[in-house]
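Please look over the sequence and the structure shown here, and then read the briefing that follows, which is grouped by topic.

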Amino acid sequence: MDLADSLASLRSVENVRLIDRFNNRQQIIGTIFLTSTHLIFVDPEGKRETWILHSLISTVDRLPITQLGSPLRIRTKHFFSADFIIPKERDCSDLHATLSQLKPDSYEKLYCFLYQAPNYLEKVWDPFLLATEYMRMGVPNPEWKVEDNNSNFEMCDTYPPLIYVPTSTTKSMLLGSSKFRSRGRLPILTYLHPNGASITRCSQPLSGFSARCLEDEQLLQCILKTNSQSNTMYIIDTRPRPFTITLKAILSLGSRYLKSFSTDEPCCHLFFAF
């Protein structure tokens, strides 16, 4: 019996009593609902719900029959215990068998691995292809190219194997910039507008206000030259407010880095987002 068959045999049980853990005489009457992932006990009067995840169930035990019905005790792996009294013995037996089947005994049987999407979703949810998204933006083109320097994730373990950079860049520029920036996240193309304006994203330089990297500066110069309709680059610093306040007060990292661009080159402006 698979997951679908288990749920088809039993979806809900009504008039179930939940015994209070601290007072056996106090009982709550409600309905048990079974889903693909949870057992849910709903108290219609108190508008209270008790959710038990199937993967957290440790044991499901049937207790001796009482005058009120057939007791069923559920213990979880995080030390939660719930005692239910099912009016009919057959419903109790079916619920016990269903929960025993739904309780996974290995991670391969978790719902996330057993779930199969409906056929109609396959036509709607196409797999995401990074190259297709860049082709939609018109890349590669005379200004931007694709590089496979990160094919083994050696340059940056959080970037894809293929990265998009200006055509005028060299591999030494990319490697030097990745070593200069945190986690190796050098500036790469994220979005390209039809008018030539682009958004490139990267991480902050490594610690040290006096640090300089010629390859990183050359890479930014190459990004500046990709848009022939503009001679301005805006660098937006989105780091937390305490850092930006300190940086504004010292003004050493930002001003020194911007002064590294010669006066003959396009202008570069630094902004703080916070």
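Cys92 counts as buried because its relative accessibility is 0%, and Cys213, with a relative accessibility of 7%, counts as buried as well. The model is a predicted one, and its count of disulfides comes to 0. A disulfide is a covalent bond between the sulfur atoms of two cysteines.

**The chain as a whole**
- The protein chain has 274 residues, of which 35% count as buried, and its secondary structure comes to 9 helices and 13 strands.
- The chain exposes about 17400 Å², and carbon and sulfur atoms supply 54% of that area.
- When contacts between residues at least 6 apart in sequence are taken together, 50% of them join residues that are at least 24 apart.

- In soluble globular proteins, nonpolar side chains tend to be buried together.
- The largest nonpolar core in this model has 20 residues, and those with the most contacts inside it are Val139, Leu186 and Leu189.
- Strand 9, strand 10 (188–192) and helix 7 each supply at least two residues of this core, and helix 7 gives the most to it, with 4 residues.
- Apart from this core lies another one, which has 19 residues, among them Val13, Leu18, Phe41 and Val60.
- Leaving out residues up to four places away in sequence, Leu189 touches Tyr134, Val139, Trp144, Tyr164, Ser198, Ile199 and Thr200.
- Helix 7, which covers residues 214–224, is mostly covered, since 8 of its 11 residues are buried; the buried residues include Asp216, Glu217 and Gln221 as well as Leu219, Leu220 and Ile223.

**His54 and its surroundings**
- His54 lies in the loop between strand 4 (48–53) and strand 5 (57–62), and it counts as buried because its relative accessibility is 3%, under the cut-off of 20%.
- The side chain of His54 reaches the backbone oxygen of His38 at a distance of 3.3 Å.
- Once its neighbours within four places in sequence are left aside, His54 is in contact with a set of residues that includes Leu34, Thr35, Ser36, Thr37, His38 and Leu39, and also Leu99, Leu102, Lys103 and Pro104.

**Ser106 and its surroundings**
- Ser106 has its place in the loop between helix 2 (89–102) and helix 3 (111–114).
- With a relative accessibility of 26%, Ser106 counts as partly exposed, because this value falls between the cut-offs of 20% and 50%.
- The side chains of Ser106 and Glu108 are joined by a polar contact of 3.1 Å.
- Ser106 and Ser55 are 51 residues apart in sequence, while in space they are 9.2 Å apart, C-alpha to C-alpha.

**Confidence in the prediction**
- The protein chain averages a pLDDT of 83, and 79% of the residues score at least 70.
- Among the elements of the chain, strand 9 (residues 163–166) has the highest mean pLDDT, at 97, whereas helix 9 (residues 253–259) has the lowest, at 46.
- Over residues 252–257 the pLDDT is below 50, and in the model this stretch has 14 contacts beyond near neighbours in sequence.
- Over residues 261–266 the pLDDT likewise stays under 50, and for these residues the model has 10 contacts beyond four places in sequence.

Methods: Residues are numbered from 1 along each chain as its sequence is written. This is a predicted model: local features need pLDDT of at least 70, side-chain atom pairs count only at pLDDT 80 or more; totals for chains, interfaces and linings use all residues. Side-chain values use heavy atoms; hydrogens and water are left out. Buried means under 20% relative accessible area, exposed over 50%, partly exposed in between (1.4 Å probe, protein chains only). Contact means heavy atoms within 4.5 Å. Accessible areas come from the Shrake-Rupley method with a 1.4 Å probe; for residues, only the protein chains shown count as cover. A disulfide is a pair of cysteine sulfur atoms within 2.5 Å. A polar contact is a pair of N or O atoms within 3.5 Å; within protein, one must be able to donate a hydrogen and the other to accept it, and residues adjacent in sequence count only if both atoms are side-chain atoms. pLDDT is the predictor's confidence in each residue, from 0 to 100. A nonpolar core is a set of buried Ala, Val, Leu, Ile, Met, Phe, Trp, Tyr and Cys residues joined through side-chain atoms within 4.5 Å.
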